[in-house]
Amino acid sequence: MSPVQIAGAPRRGKAPQWTPESVITEIQHFVEAHGEVPRLADFNPGQAKITGQVWRIERYRAGCPVCGSAYPSANAARRCFDGSLERAIRAAGFEPAKRGPRRRTEVDLSERATQRLEHDARVAVDAALARAAEAETRAERLATQLERARLRAEAAPKVKTKIVRERVADAGALARVQRGREAAEARAVALKAELAEARMDAAEARRTAAKLASRLERAEATISDARAAKRGLGAELAEAQAAIAGALERAEAAEARIAGALQSTVRVERVVEASPEQEIVDEALSRARVAEDAARRAESRADRAEREYAEVAVAATGAPRKLTAAEIDALRAEGPAGPALLADALKALGTARRTDNRMKLEEALAQVASAAVTWRDRL
């Protein structure tokens with residue numbers, strides 16, 4: 001277990017040596033105190049800062065309110081469970097949360113919000129690099145102090161004297177030097193561990209920032225192309241509609257002329273061939289259908305690109321994305337429905353009630369409501 005610490009106080013002293021049992025205990029305390037399973041950002045302030053979840057940093061630095069101790073870092077928890085935080089959570093008796101950050105605010109897709117995220121990512125990377133450089137400097141300084149302590153210990157006088165008081169003083173000085181050397185070695189080991197952890201945080205921050213920047217660029221490019229294609233097809237559709245209107249006007253004029261000719265002529269021969277106006281109308285209608293199909297395809301590509309952009313924004317900010325009415329109708333139309341699905345949802349609700357877990361009970365109630373609404377819509 002980690003040393004006792006007052007909740008909300010800054011961390012001081014030597015970092016605790018974490019074991020699998022102590023990590024499991026802190027995860028259970030975290031769930032008891034906050035009502036949710038810890039995520040990577042809860043034990044990694046750098047990741048929390050990149051994704052804009054500053055409140056997770058404050059909660060991590062405040063420590064455990066149950067026992068008053070410090071939470072383990074993400075790397076410390078991983079080292080105890082073969083490099084996997086999810087294994088640590090399962091060992092504590094919980095199911096890991098779904099991947100992706102989670103925030104308490106709505107998603108802001110404005111250019112100012114995107115620039116703020118990029119700025120926060122750069123600040124987090126710079127802070128991690130600064131911590132790594134500081135740790136390296138401290139490790140070098142301690143190594144120099146350690147070497148000096150060794151030299152002093154080797155140069156300590158070892159002359160045998162007949163005065164008992166002097167011999168005792170030399171032994172005490174040697175013991176103090178020995179203790180100082182051991183303390184310096186312990187500090188050097190601790191600083192090397194901190195240096196390795198800072199380098200891992202910096203590398204992870206660089207990878208996350210690069211991935212988010214790439215996905216944002218691809219989504220913006222796709223949306224721009226789709227909108228340009230949509231504008232071009234809209235112009236073609238307008239031209240086709242104008243051509244249809246002109247053809248219809250010419251067809252009405254031709255019908256009027258034919259009606260006048262029928263009234264003034266005693267004998268009219270029947271013409272089987274199609275009129276030129278009808279051919280123009282058919283061609284205009286065909287072009288209009290082609291333009292409408294292309295416009296629908298462009299709108300579909302634009303909607304898909306906007307959804308991808310929204311998903312990228314969700315990955316960057318962490319806020320859940322609300323489904324549109326069309327997406328909800330599509331899911332209801334394509335998914336299963338009926339009494340069997342409702343019965344399964346009711347069974348899951350009974351199981352959740354027996355576990356006395358609030359999160360599972362809310363999920364089971366949502367499944368029952370969804371199954372009932374889907375069945376009602378299919379009737």
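User: Let's start with A186. Where does A186 sit?
Analyst: You'll find A186 in helix α8, which covers residues 164-264. Keep in mind that this is a predicted model.

User: Why is A186 called partly exposed?
Analyst: Look at the relative accessibility of A186, which is 36%. Buried means under 20% and exposed means over 50%, with partly exposed in between. So 36% lands in that middle band, and A186 counts as partly exposed.

User: How far is A186 from L142?
Analyst: Along the chain they're 44 residues apart, and their C-alpha atoms are separated by 10.0 Å.

User: And Q47, what makes that one buried?
Analyst: Q47 has 14% relative accessibility. The cut-off for buried is under 20%, so with its 14%, Q47 counts as buried.

User: Which helix holds Q47, and what is Q47 in contact with?
Analyst: Q47 belongs to helix α3, residues 45-50. If you skip its neighbours within four places in sequence, Q47 is in contact with L40, A41, E204 and T208.

User: Why are α11 and α12 called roughly antiparallel?
Analyst: Helix α11 (residues 339-355) and helix α12 (residues 358-378) pack at an angle of about 165°. Anything over 145 degrees counts as roughly antiparallel, and therefore α11 and α12 get that label. The crossing of these two, α11 and α12, is left-handed.

User: What else describes a packed pair like that?
Analyst: Besides the angle between the axes, you give the distance between them. For α11 and α12, the axes are 8 Å apart.

User: Which residues meet there, and of what class?
Analyst: From α11, the residues include P339, L341, L342, A345 and L346, and they meet a set in α12 that includes L361, A364, L365, V368 and W375. By class, the contact of α11 with α12 has 15 nonpolar, 2 polar and 2 charged residues.

User: Zooming out, how many helices and strands does the chain have?
Analyst: There are 12 helices and 0 strands. Reading along the sequence, you get α-α-α-α-α-α-α-α-α-α-α-α.

User: What about contacts between residues at least 24 apart?
Analyst: Take the contacts between residues at least 6 apart in sequence: 74% of them join residues at least 24 apart.

Conventions:
Residues are numbered from 1 along each chain as its sequence is written. This is a predicted model: local features need pLDDT of at least 70, side-chain atom pairs count only at pLDDT 80 or more; totals for chains, interfaces and linings use all residues. Side-chain values use heavy atoms; hydrogens and water are left out. Axes are lines fitted to C-alpha atoms, for helices over the stretch in contact, and angles run from 0 to 180 degrees between N-to-C directions. Helices (H or I, at least four residues) and strands (E, at least two) are DSSP runs, numbered from the N terminus. Angles under 35 degrees count as roughly parallel, over 145 as roughly antiparallel, 65 to 115 as roughly perpendicular and the rest as oblique. A crossing is left-handed if the near helix is turned anticlockwise from the far one by less than a right angle, and right-handed if clockwise. Contact means heavy atoms within 4.5 Å. Ala, Val, Leu, Ile, Met, Phe, Trp, Tyr, Cys and Pro count as nonpolar, Asp, Glu, Lys and Arg as charged, and the others, Gly among them, as polar. Buried means under 20% relative accessible area, exposed over 50%, partly exposed in between (1.4 Å probe, protein chains only).
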